[in-house]
Amino acid sequence: MLADLRALVGDDHVVASPDPALLADASAYAGVTGSAAALVRPGSAQEVAAVVSWCAQRGVPVVPRGGGTGFSGGCVPQDPASVVVAVDRLDAVRSLDVLQWRAHVEAGVTTARLARLARENGLRFPVDPGAAEQSHIGGNIATNAGGPHCFKHGVTRAWVLGVEAVLGNGELVTVGGPTRKDVAGYDLAGLLCGSEGTLGIITAAWMRLIPAPPVEIAIAAVLPDARAGQEALDAVLGSGVVPAVVEFLDAGAVAAAAGSFPGGALSPDAGFVLIVEVDTSPQDADEVVAALRSAGATVSQPSPGALWRWRDGVSIAVAAVHGGKLSEDIAVPVERLAEAVERTVEIGARHGLQACSWGHAGDGNLHSTFLLDPADAAQRARADDAAADLFAMALELGGTVSGEHGLGLLKNGWLSKQWSPAAVAAADAVRRALDPAGIMNPATKRP
């Protein structure tokens, strides 16, 4: 194996018995570990195709790897015979067409690099998943990644004009491209978005950009509890303004991060915080402020940079309370947000764990979190049981077990609870058609 792989990608780009850090993602906090025979780092799409073709002919499992920032174990190999295909060397910007608002980039280009490239040319790439300096565009596409600005701008799929990818049989294909509209045939580019490496490996993509917004105005609204927060959210959505961002923190998340709030610590009785960003005009921001105040909110307007730095640190602040956490990313209909926030806390209490949530209010997307001591195996086991109750609650409310992180390994088995048997069978048929040898990330996204 090693000799053949080295012949395909070069001696320096094959790692035998890879370091465990190269076989993990952000799900390592949940104890997810990996095992693989080799890690290869192809330098071109053609080399990716050659590696996958070699594996397909021999039935060797292939696990694609981007920046390793996923939360669901999607790039963590489970078969010690696996070959991990890392795309970090595929990092070329093939073209930037400023006047056409698009970029053609390889899969290993980081989110932050594409965002900077757009910003330096008066444009914007608004998809903003976490760990922007490490996450890759290929990984964003593979997971259909989201983020705060997806309320207005949509998840990654909305920004993909076309993809170049290697399918499970080793064939290199291109679907879509630089055209702004293309309805010829099935939406294979859309199918590859969110496939988590089970249908193929993204090697490059044409990404849509937009002109930079005229303003960025941040608004923070403090409310007594989740029910009041729901009313304030409804007021914002009914204001006639389309905000770029509508985020929330519940009482537990606020308590963990209150001391570093920009402009002064939040009051101990702050039970719910909404963060709204308006990118259209100061007048629109005034409309949002008026709507929030009409719902009884106490409103402030910190600098956007300071507010987002604070928001980005919430996860760390929550984890620091007991030293660790298990955080999941359910989503519910927006009108059920307050109920999901309250029931997250109830589920935690039922399992003897402190719980809280924060996330993307405008999308009904909660990062429901159970606080724990990572060294306490009993607490971790109770957190896993609590997560199962959380997923069941999300489905009961008409929601989904994953709003943006994907299924990966951690949510195997839950798709068959969310989808009908016919829908699951259709998805399985697609997977078999594009990966006839069954080698592509076989342990991931099992229904």
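**Close-up 1. Arg116 and Glu133.** Arg116 is partly exposed, at 31% relative accessible area (partly exposed lies between buried, under 20%, and exposed, over 50%, with a 1.4 Å probe and protein chains only), whereas Glu133 is exposed, at 55%. Their side chains meet in a salt bridge, 2.8 Å from N to O, a term that stands for a side-chain nitrogen of Lys or Arg within 4 Å of a carboxyl oxygen of Asp or Glu. The pair links distant parts of the chain, 17 residues apart, with Arg116 in helix H3 (residues 111-120) and Glu133 in the loop between strand S7 (123-124) and helix H4 (137-143); helices (H or I, at least four residues) and strands (E, at least two) are DSSP runs numbered from the N terminus. This is a predicted model, in which local features need pLDDT of at least 70 and side-chain atom pairs count only at pLDDT 80 or more, while totals for chains, interfaces and linings use all residues. Residues are numbered from 1 along each chain as its sequence is written, and side-chain values use heavy atoms, leaving out hydrogens and water.

**Close-up 2. Asp279 and Lys152.** A salt bridge of 2.7 Å, N to O, joins the side chains of Asp279 and Lys152. Asp279 lies in the loop between strand S14 (272-278) and helix H9 (282-294) and Lys152 in helix H5 (residues 150-153), so the pair ties together parts 127 residues apart in sequence. Asp279 is buried, at 4% relative accessibility, whereas Lys152 is partly exposed, at 30%.

**Close-up 3. Arg336, Glu339, Arg343 and Glu396.** These four residues, Arg336, Glu339, Arg343 and Glu396, are linked in a network of salt bridges, and the structure holds 16 salt bridges.
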